[in-house]
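Trainee: I would like to learn how to read the features of a protein model one by one. Could you give me the general idea each time, and then the case at hand?

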Amino acid sequence: MLIKVDADTRGRAQFGWLDSNHTFSFGHYYDPNRMGWGPLRVINEDRVIPGAGFDTHGHKDMEIISYVLDGALEHKDSIGTGSVIRPGRLQRMTAGTGIRHSEYNHSKTDPVHFLQIWIIPEAAGLEPGYEEKEIARRNTGSGLTLIGSRDGREDSITIHQNVDLYVAHLSDGESAQHKIDKGRIAWVQVARGSLTVNGKTLNAGDGAAIKDEDELVFSDADNAEALVFDMAA
């Protein structure tokens, strides 16, 4: 079963400095039918104007991943980490027992466009932490590159949950396949371009919830960039 979530049905928040689209319930957007998918709780597509951003604020008991599509995202937190994340690098922050951080557009001239992803961790009260890695495309044979996992294998970032996170970069005419083990679910989020997943066309901003499928088949790509979450149900 594949359930498509159209981009234009997402929640939206506009504050002048921020234009944010919410795949799942977040902030003032609430839909009881969109509270997440498995441990995946938030996918926000954020665009922040030059020089603006999220002032210092707190989080607890959440894995927070930032995936930058365009521009530069500046991060500072209460455990002493500071960094500027650009396309091609992935950031994971474990909020655990409590962490405070800020996120700003590092540029004074260009907007930043990124996906903010929250995953419910496997346990409460984890030690706060931070990790950042390059996520260069690798030839895996499937067309997908592993960029996050529970055990940090294949030089992926560590996610404290039974989640494998992949990225698919598919140029025109390219295809990919991904096997799903029995009892697991998946989510596909298209960040750019378009592609067909198991016969359904997904465009930028669209998502898809998948269960009771043993394989994902990606085809008909048009310069597509998509994230694939393979998760314990």
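Mentor: Let us begin with pairing: two strands pair if DSSP finds at least two bridges between them, and the strands themselves (E, at least two residues) are DSSP runs numbered from the N terminus, as are helices (H or I, at least four residues). The model is predicted, so that local features need pLDDT of at least 70 and side-chain atom pairs count only at pLDDT 80 or more, while totals for chains, interfaces and linings use all residues. Residues are numbered from 1 along each chain as its sequence is written, and side-chain values use heavy atoms, with hydrogens and water left out.

Trainee: How many bridges join strand E6 to E11?

Mentor: Seven bridges join E6, which covers residues 63-70, to E11, and the two run antiparallel; within this pair, Val68 stands opposite Phe114 of E11.

Trainee: What is the order of the strands in the open sheet of seven strands?

Mentor: The order is E2-E3-E4-E11-E6-E9-E12, with antiparallel pairing, and the edge strands, each pairing on one side only, are E2 and E12 (129-134). The twist averages 20 degrees from one strand to the next, where axes are lines fitted to C-alpha atoms (for helices over the stretch in contact) and angles run from 0 to 180 degrees between N-to-C directions.

Trainee: Which strands make up the open sheet of four strands?

Mentor: That sheet has the order E5-E10-E7-E8, again with antiparallel pairing, and its edge strands are E5 and E8 (82-85). E5 and E10 run antiparallel and are joined by five bridges, with Gly53 opposite Tyr104 in E10.

Trainee: Which strands each supply at least two residues of the lining of the largest pocket?

Mentor: A pocket is found on a 1 Å grid over the protein atoms alone, as an open set of points where a 1.4 Å probe fits, with protein on both sides within 12 Å along at least five of seven lines, and its lining residues have an atom within 4 Å of a point. Here the largest pocket has a volume of about 270 Å³, and of the 19 residues that line it, the closest to its centre are Phe15, Leu18, His22, Phe26 and Phe54. The strands you ask about are E2 (11-14), E3 (18-22), E4 (40-48), E5 (53-59), E10 (99-105) and E11 (112-119). For the volume, grid points are joined across faces, edges and corners, and the space filled by probe spheres set on the points is counted.
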